Amino acid sequence: QVQLTESGGGLVQAGGSLRLSCVASARTLTMYVIGWFRQAPGKERELVAAITWSEGRLYIEDSVKGRFTISRDSASRTVYLEMTSLKFEDTGVYYCASKPRGENKYSSWGQGTQVTVSS
């Protein structure tokens, strides 16, 4: 069981950058995958990026590859989503989530942080 808290959202101009943070709380994180999702108004949440805690293996969704990256800091138990060259279409609520390795579905979710990109 993982508790997740996101921060770092805000208003940014197109072409700008933001770094989102997700602090994870659990007895151990080695068995988990941590992902970043986003949800635009009227749309379902979509996976943007994910990282395995133990190996740091990355997944980046094709539409944001080259602009976004995910990383983790083991000491602070923080997962970052670094976003550059932001577009208006990146606007939405960004959530971090976790799932045990080997499971198909993310079972723990943070509250979300709003990212608004102005054109």
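The model is predicted: local features need pLDDT of at least 70, side-chain atom pairs count only at pLDDT 80 or more, and totals for chains, interfaces and linings use all residues. Residues are numbered from 1 along each chain as its sequence is written, and side-chain values use heavy atoms, without hydrogens or water.

Strands (E, at least two residues) and helices (H or I, at least four) are DSSP runs, numbered from the N terminus. Two strands are paired if DSSP finds at least two bridges between them. Strands of a sheet pair through backbone hydrogen bonds, in a parallel or an antiparallel sense.

E1 and E3 run antiparallel and are joined by five bridges. Thr5 faces Val23 of E3. Strand E3 (residues 18-25) also pairs with E8, in the antiparallel sense, over six bridges. In this pairing, Arg19 stands opposite Glu82 of E8. On its other pairing, E8 meets strand E7 (residues 68-73), again antiparallel and over six bridges. Arg72 has Val79 of E8 as its bridge partner. Strand E8 (residues 78-83) is mostly covered, with five of its six residues buried. Buried means under 20% relative accessible area, exposed over 50%, and partly exposed in between (1.4 Å probe, protein chains only).

E7 and E8 form a hairpin with four residues between them. Arg77 lies in the loop between these strands. Most residues other than glycine have a negative phi. Arg77 counts as partly exposed because its relative accessibility is 30%. Ser85 lies in the loop between E8 and E9. Ser85 and Gly66 are 19 residues apart in sequence, and their C-alpha atoms are 9.3 Å apart in space.

Cys22 is joined to Cys96, with an S to S distance of 2.1 Å. The pair links distant parts of the chain: Cys22 in strand E3 and Cys96 in strand E9 (residues 92-100) are 74 residues apart. The link is right-handed, with 70° about the S-S bond. Both Cys22 and Cys96 are buried.

On a 1 Å grid over the protein atoms alone, a pocket is an open set of points where a 1.4 Å probe fits, with protein on both sides within 12 Å along at least five of seven lines; lining residues have an atom within 4 Å of a point. The lining consists of Arg38, Gln39, Ala40, Pro41, Lys43, Glu44, Glu46, Glu89, Thr91 and Gly92. By class, five of these residues are charged, three polar and two nonpolar. Asp, Glu, Lys and Arg count as charged; Ala, Val, Leu, Ile, Met, Phe, Trp, Tyr, Cys and Pro as nonpolar; the others, Gly among them, as polar.

Methods: Disulfide = S-S within 2.5 Å.
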